[in-house]
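Open the model in your viewer and keep the sequence panel beside it. We start at a single residue and then step back to the whole chain.

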Amino acid sequence: MMDKIAVVGAGHVGATTAQRLVEKNLARSVVMIDVLEGIPQGKALDQWQAGPIEGFDGRMVGTNSYAEAAGAELFVVTAGIARKPGMSRDDLVKTNAGIVRSVAQEIKQAAPKAVVVVVSNPLDVMCAVTKQATGFPRERVMGMAGVLDTARYRTFLADAIGVSVEDIQAMVLGGHGDTMVPLISYTTVSGIPVTQLIDRATLDKIVERTRGGGAEIVGHLKTGSAYYAPSAAAVQMVEAIVLDKKRLLPCAAWLDGEYGIKGVFCGVPCLLGRGGLERIVEIELTADEQAALEKSAEAVRSTMAATG
Ligand code: NAD
């Protein structure tokens with residue numbers, strides 16, 4: 001358990017993340033910060049009162065200032081606007097870069113030793129903005145996207161094959177966008193290569209549905225984007241760090257030559273423990289997967305240019 005975890009943004013993803021964190025007893029106190037007056041306070045009070053029913057003793061605090069988050073060991077950043085139908089994640093870049101930059105500066109002042117898990121979109125670019133504005137090392141700034149994209153892929157695969165989601169092992173790498181890279185060569189069902197259990201055409205359809213997984217939900221909701229699975233994914237990363245689990249999860253990490261890519265955030269296999277991002281694991285990729293990863297990193301780099 002940590003003493004204090006802060007969640008910035010008390011909207012759909014932020015509030016759901018805060019609730020999952022406290023219900024899992026990952027912190028003695030979860031602080032939710034938003035610019036909207038009353039919203040974080042009201043939501044936190046409501047969530048705190050679920051303690052006797054759900055069985056948690058953690059304190060929920062909602063606030064508009066960073067004073068209550070001073071010294072927090074970990075921040076989850078969900079502040080910013082979400083997609084509406086017809087928008088790509090990259091369409092959010094200008095607005096969210098300004099928001100995330102100001103949030104990162106506050107974090108640096110309030111908790112200079114914190115680990116930061118970024119969720120705001122466009123994800124990989126917002127990670128770079130956070131790293132630049134905090135000056136934190138790459139071990140302490142990472143992004144959530146791969147865990148969510150992989151969960152979507154595993155859900156669709158398990159459904160198509162007719163097995164438990166627990167038996168699907170997979171990883172989706174690359175940037176969090178249309179160029180994400182589901183690794184078919186590493187997708188197994190209890191160790192059996194997935195290609196032995198499903199035909200290629202169905203697999204290709206699942207890969208496409210995974211790529212458009214976020215947009216499919218935006219299309220239904222119309223007024224916002226997904227938050228139940230995204231918050232579960234962010235909390236899985238936080239849990240790996242808090243409990244020092246050494247989990248190997250696909251996360252957005254600052255690459256410094258790994259996979260032949262440098263100076264950009266991109267989704268790669270990362271070992272998460274109490275030190276944050278403790279190690280980037282380099283695995284062998286097929287020529288197609290390597291090319292797709294490089295293309296995805298280039299797409300992130302060109303969106304990064306738009307932040308000025
Ligand atoms: P939302 O609109 O419900 O909530 C965003 C909240 O941020 C709002 O309450 C808003 O008041 C707050 N906010 C704005 N500026 C702020 C600031 N300077 N400081 C603190 N709070 C501020 O949106 P949401 O559905 O919760 O999504 C949040 C972000 O997460 C979006 O950018 C969305 O695209 C992204 N997202 C990412 C993933 C992923 O896989 N990485 C998945 C889902 C959503």
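## First stop: aspartate 167

This is a predicted model. Select aspartate 167, which sits in the loop between α6 (146–161) and β7 (168–169).

Is aspartate 167 buried, exposed or partly exposed? Its relative accessible area is 32%. Buried would need under 20% and exposed over 50%, so aspartate 167 counts as partly exposed.

Next, display what aspartate 167 touches. Leave out its neighbours within four places in sequence, and its contacts are Thr188, Val189 and Ser190.

Draw a line from C-alpha to C-alpha: aspartate 167 and glycine 80 are 35 Å apart in space. Along the sequence, 87 residues separate them.

## Step back: the whole chain

Switch to a cartoon view. The chain has 10 helices and 14 strands. Its radius of gyration is 19 Å, close to the 19 Å that the globule rule gives for 308 residues, so the chain is as compact as a globular protein of that length. Along the principal axes, the C-alpha atoms fill a box of roughly 55 × 45 × 40 Å.

Then switch to a surface. The chain exposes about 13,300 Å², and carbon and sulfur atoms supply 52% of that area. Of the 308 residues, 53% count as buried.

Last, colour by charge. There are 31 positive and 34 negative side chains. The centres of these two sets lie 3 Å apart.

Notes:
Residues numbered from 1 in each chain as written. Predicted model: local features only at pLDDT ≥ 70, side-chain atom pairs only at ≥ 80, totals over all residues. Heavy atoms only, no water. Helix = DSSP H or I, 4+ residues; strand = E, 2+ residues; numbered from the N terminus. Rg over C-alpha atoms; globule rule 2.2 N^0.38 Å. Buried < 20%, exposed > 50% of the residue type's maximum accessible area, 1.4 Å probe, protein only. Areas by Shrake-Rupley, 256 points an atom, 1.4 Å probe, with all protein chains shown as cover. Lys, Arg positive; Asp, Glu negative; His and termini not counted. Charge placed at Lys NZ, Arg CZ, Asp CG, Glu CD. Contact = heavy atoms within 4.5 Å.
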